[in-house]
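Good morning, and thank you for joining. I would like to take you through one structure, beginning with a term that we shall need.

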Amino acid sequence: MLEQAGKAAAGEIYVVGLGPGDPMQLPPLNLSLMQAGRKVYLRTRCHPVVPFLEKEGVKLLPLDDFYEKARSFEEVYRKMADFLIKTARENDTPVVFGVPGHPLVGETVVRHLLEAGPREKVRVRTFSAPSFLEVVCEVLGLDPAEGLLIVDAFELCRFSPAASPFSVPGGTGVLVVQVYNQVLASEVKLTLMEHFPDDHPVTLVRAAGVRGEERIKEIPLYQLDREQELDHLTTLYLPPFDPKDEPAPRYILDPLVEVMNRLLGPGGCPWDRQQTHETLKNYLIEEAYEVIDAIEEGNTHKLCEELGDLLLQVVFHAALAAREQKFTINQVIAGITEKLKRRHPHVFGAREVESAAEVLVNWEAIKQEERGRGAGAGARSLLGEIPRHLPALQRAQKVQGKAALVGFDWPDARGAAAKLEEEWEEFRAAWARGDREALQAEVGDFFFAAVNVARLLQVNAEEALRLAVDRFVRRFQYMEERARAQGLKLQDLSLLELDALWDEAKARGH
């Protein structure tokens, strides 16, 4: 009867729900359609009922390779729908397409099929099955009629928190589905923190309704992306929260953010509106150095002003990112707040430390653990996170310090000093040969070795050289003043006279 009903169309697609994952919840009609000798296309092989279907002899053709060929999920689902419609038009018998849960719950491919089918004269029929919603609500004891907002994790993270269409009415619980890894969980957490307190309770439900695999765990929201067991079967539930009971925090930065948004908005400042992350790089560096100057001058009034200028650069970059729907300043604040708590378990947790050195060791270990859980973790280098644009001496000292963490280091400064002498001899040899290319390389090796000696002696090489330059400037300026007092110019003096003025400057403590 079903096949005869499709004769008038150019093709026919049976969209068959696979249920939430327990074979006992797979409707007999759906199973019989898949066992009828046809090839069964699956949106994804990642579903607990798949091994059962294989044992039943169902010929399965997963479409997971579509996920590798497209740039976005929307493109994946549209191409899947196009492929299925084309296949249906080329076949005399209906094409069977299996999807997790219920075909009409959270299945974008099915939506595309239902929209495109009539245009292509392809009949699309859906065969229902229990969705994850029924089992999740049963497990958590929820009544959707009392108010429940359901959103896909990926779709949730596409919203801009600055002007988000995502909102949660008071008294409404939220279900976020398919929180499939820690990277996505981090984005979900930051988005939800715009609407819920950081410590709002979250219930994680994994493999709801799948016998032997079901897991339920309650955690605070801020801990969401620390969970290890996250996959496509993971749903999280946030119970209702009424902002009237506990107003969301108003960050002290809000007035500055509002001014920045006004400058970047319609009718704002033409110069500000032309800026990008790239064009602002030099200003960020310049403001950081001006903060350092204020610190060294001991001028607290100037330091306050320069810190404001530096903060403006942070807010500026965050405002630009918010316009690209990447992140907001509140996400920057939430992220660094959570990072500080996570990396200070001796303050915010149960770990104990005995010294500042142990704190640094723990900090580095926690940071490496975080890096290891991130995307592309396998390709990360211990030295890869050190910014390339640091001043060369500072970068050299950081590189050497990181390498020392794995034991690649001199036992003490004496070994490094011997290496410095070796590099000096190699520099002299290149100089004697007149080999310009080798000379540059040997000068670099000599500086690098000198930094190593300084580091092992607990001397900051960047600071030491900067102070040396400052001393030179002071002494040279003294020489200029003494020459002018005598009606002379430095260029009119002999080298012997210049040396005498230099020694006088040193003697006077310049």
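A residue is called buried under 20% relative accessible area, exposed over 50%, and partly exposed in between, with a 1.4 Å probe and protein chains only. Please note that this is a predicted model, in which local features need pLDDT of at least 70 and side-chain atom pairs count only at pLDDT 80 or more, while totals for chains, interfaces and linings use all residues. Residues are numbered from 1 along each chain as its sequence is written, and side-chain values use heavy atoms, with hydrogens and water left out.

Let me turn to the sheet. Helices (H or I, at least four residues) and strands (E, at least two) are DSSP runs, numbered from the N terminus. Two strands pair if DSSP finds at least two bridges between them. Here 5 strands make an open sheet with parallel pairing, in the order 3-2-4-1-5. At its edges are strand 3 (59-62) and strand 5 (122-127), each of which pairs on one side only. Strand 1 (residues 11-17) pairs with strand 5 in the parallel sense over 6 bridges; Val15, for instance, has Thr126 in strand 5 as its bridge partner.

I come next to the salt bridges. The term means a side-chain nitrogen of Lys or Arg within 4 Å of a carboxyl oxygen of Asp or Glu. The structure holds 25 of these salt bridges. One joins the side chains of Glu90 and Lys86, at 2.7 Å from N to O. Both residues belong to helix 5, 4 residues apart, or about one turn of the helix, and both Glu90 and Lys86 are exposed.

Glu504 counts as partly exposed because its relative accessibility is 23%, and Arg482 is partly exposed at 27%. Glu504 also forms a salt bridge with Arg508, where the closest N and O atoms are 3.8 Å apart. Arg508 is exposed, since its relative accessible area is 57%. Elsewhere, a network of salt bridges links Glu296, Glu463, Arg466 and Asp470.

Finally, is Gln313 buried or exposed? This residue sits in helix 13 (residues 300-323), and Gln313 is buried because its relative accessible area is 7%.
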